[in-house]
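Please keep the sequence and the structure in view while reading.

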Amino acid sequence: MTQPSPPETTPRNFLSADEARATILDAVSTIVGWERVAVRSALGRVLALDVIAPCNVPAHDNSAMDGYAVRAIDLAASGDTALTVVGTAYAGRPFSGIVGAGQAIRIMTGAAIPEGADTIVVQEVTRREDNQVFIPAGQRRGQNLRRAGEDLALGSAALSAGRRCGPAELGLIASLGIAEITVCRRLRVAFFSTGDEIASIGRPLAPGEVYDSNRYTLFGALSRLGCDLIDMGVIADNPAALEAAFSEASQAADVIITSGGVSVGEADFIRDMMMRMGEVSFWKLAIKPGRPMAFGRIGNAMLFGLPGNPVAVLVTFYQFVQDALLKLMGVNPLPPAGLFEASCSDTIRKQPGRCEYIRGRLSRANGQISVAQAGAQGSGILRSMSEADCFIVLPEDCAGVQPGDRVLVQPFDGLV
């Protein structure tokens, strides 16, 4: 007797987390367009071109320590060597003479190496008497020197295209004397919530309504990425209104992100609208929370239809959407997932067949890192997301966790 096919709602008919991530990243490529911006306006922006060093960094041979600039040839192989101190070199105020035989120059960190000197002896090992300094044996020629171009050589690539500029990158660019750089244009993202029950904040709720939190979490996540945002508000569960919103968004934005309306309810129209106006790559994932998530395209805009539950919005955004947006922005390579193992303090029930993202809280005791669940795990309980500092990632084949078991942890630091 032929066995019936498993129902459509079983996780094995859904796309796995890894498959979904690969499908999305294969479908997106860097947007076209760039602009020139001042260095101070480049924080968070993605370099469109390599930053080429117009000079050596450091610009000249200089001292890495406070001490004395000497000639190694003058130093005795054993015992102390007495040298006459004939001047001082400061950072920005170099010694203008030449270091001769039997001479030394008092030198400060960052000061240019005087002509004739080839070694820096740190002041802590020396003994000074009037204008003489005594140098112990055992010094090495060239010690404590920073050579011109040691950090960056003239004409070399200081930073590669695809690098996202953080504070260190801004400082590096400034160290080269560069005032403006070429960056990829900002990614334009249109986003809106759907649902007749969704109410805007600032007014009392009517019976059956809930406040729209999803647009604000998405606003925060997208703002941190430096996107140009088009907030389209709340769109009612009405095919005509949704069609108009999608049409407007697809003409104005590179990416459209919605929340709600991607399940199989009678008022869930997002998937059907995507299929009619564009294309759908997938809309069901073997994950929890966030099983109903649609991905596709309308016109030239990539479309992410996220679930309506607040925690599921954040989980799907950080696990699938954020890297896609970074790739569209031109970031190369994408940041690593940052997973590591920790000992779990709790019992966590789970059935095999789907990947689960548990909100967790890390702690350290006796040099060991452990993790526990952060409050109630319902997909509508946003408070536990706020109290958490990591995801406990339970893969599809996991059949539950007992206290002391090792689990994969994805910290929020660097992710959210």
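This is a predicted model: local features need pLDDT of at least 70, side-chain atom pairs count only at pLDDT 80 or more; totals for chains, interfaces and linings use all residues.

1. Residues are numbered from 1 along each chain as its sequence is written, and side-chain values use heavy atoms, with hydrogens and water left out.

2. Proline 310 counts as buried, because its relative accessibility is 16%; buried means under 20% relative accessible area, exposed over 50% and partly exposed in between, with a 1.4 Å probe and protein chains only. Not counting residues up to four places away in sequence, proline 310 touches Ser213, Asn214, Ser379, Gly380 and Leu382, contact meaning heavy atoms within 4.5 Å. Proline 310 and glycine 233 are 77 residues apart in sequence, and their C-alpha atoms lie 16 Å apart in space.

3. Glutamine 322 is also placed in helix 6, and with a relative accessible area of 9% glutamine 322 is buried. Leaving aside residues up to four places away in sequence, glutamine 322 touches Leu225, Phe317 and Leu415.

4. The protein chain is divided into domain 1 (17-33 + 186-329), domain 2 (37-54 + 160-184), domain 3 (62-146) and domain 4 (340-411), with bounds that come from an automatic or database domain assignment. Taken over C-alpha atoms, the centres of domain 1 and domain 3 are separated by 65 Å.

5. The largest nonpolar core has 49 residues, and those with the most contacts inside it are Ile257, Phe304 and Phe317; a nonpolar core is a set of buried Ala, Val, Leu, Ile, Met, Phe, Trp, Tyr and Cys residues joined through side-chain atoms within 4.5 Å. Helix 6 (residues 310-329) gives the most to this core, with 13 residues. Domain 1 and domain 4 both give residues to this core, so it lies between them. Apart from this core lies another, of 19 residues, among them Phe192, Ile270, Ile298 and Ala301.

6. What does phenylalanine 317 touch, not counting residues up to four places away in sequence? The partners of phenylalanine 317 are Leu218, Ala221, Leu222, Leu225, Ile257, Leu306, Gln322 and Leu325.

7. The axes of helix 3 (residues 214-225) and helix 6 come within 11 Å and cross at roughly 30°; axes are lines fitted to C-alpha atoms, for helices over the stretch in contact, and angles run from 0 to 180 degrees between N-to-C directions. Helix 3 and helix 6 are therefore roughly parallel to each other, given that angles under 35 degrees count as roughly parallel, over 145 as roughly antiparallel, 65 to 115 as roughly perpendicular and the rest as oblique. Their crossing is right-handed, a term used if the near helix is turned clockwise from the far one by less than a right angle, with left-handed for anticlockwise. Among the residues that meet are Leu218 and Leu225 in helix 3 and Phe317 and Gln322 in helix 6.

8. Helix 1 (residues 17-27) packs against helix 6 at an angle of about 20°, with the axes 9 Å apart, and that makes helix 1 roughly parallel to helix 6. Helix 1 passes helix 6 in a right-handed crossing. Ala17, Ala20, Arg21, Ile24 and Leu25 of helix 1 make the contact with Gln319, Phe320, Asp323, Ala324 and Lys327 of helix 6.

9. Two peptide bonds deserve a look in the backbone. The bond from valine 57 to proline 58 is cis, with omega near -5°, and proline 58 lies in the loop between strand 2 (51-52) and strand 3 (62-63). A cis peptide bond also joins asparagine 332 and proline 333, with omega about 0°, and proline 333 is found in the loop between helix 6 and strand 22 (340-344).

10. Aspartate 130, a residue other than glycine, has a positive phi near 55°. Aspartate 130 is found in the loop between strand 8 (127-129) and strand 9 (132-135), and with a relative accessible area of 71% aspartate 130 is exposed.

Conventions. Helices (H or I, at least four residues) and strands (E, at least two) are DSSP runs, numbered from the N terminus.
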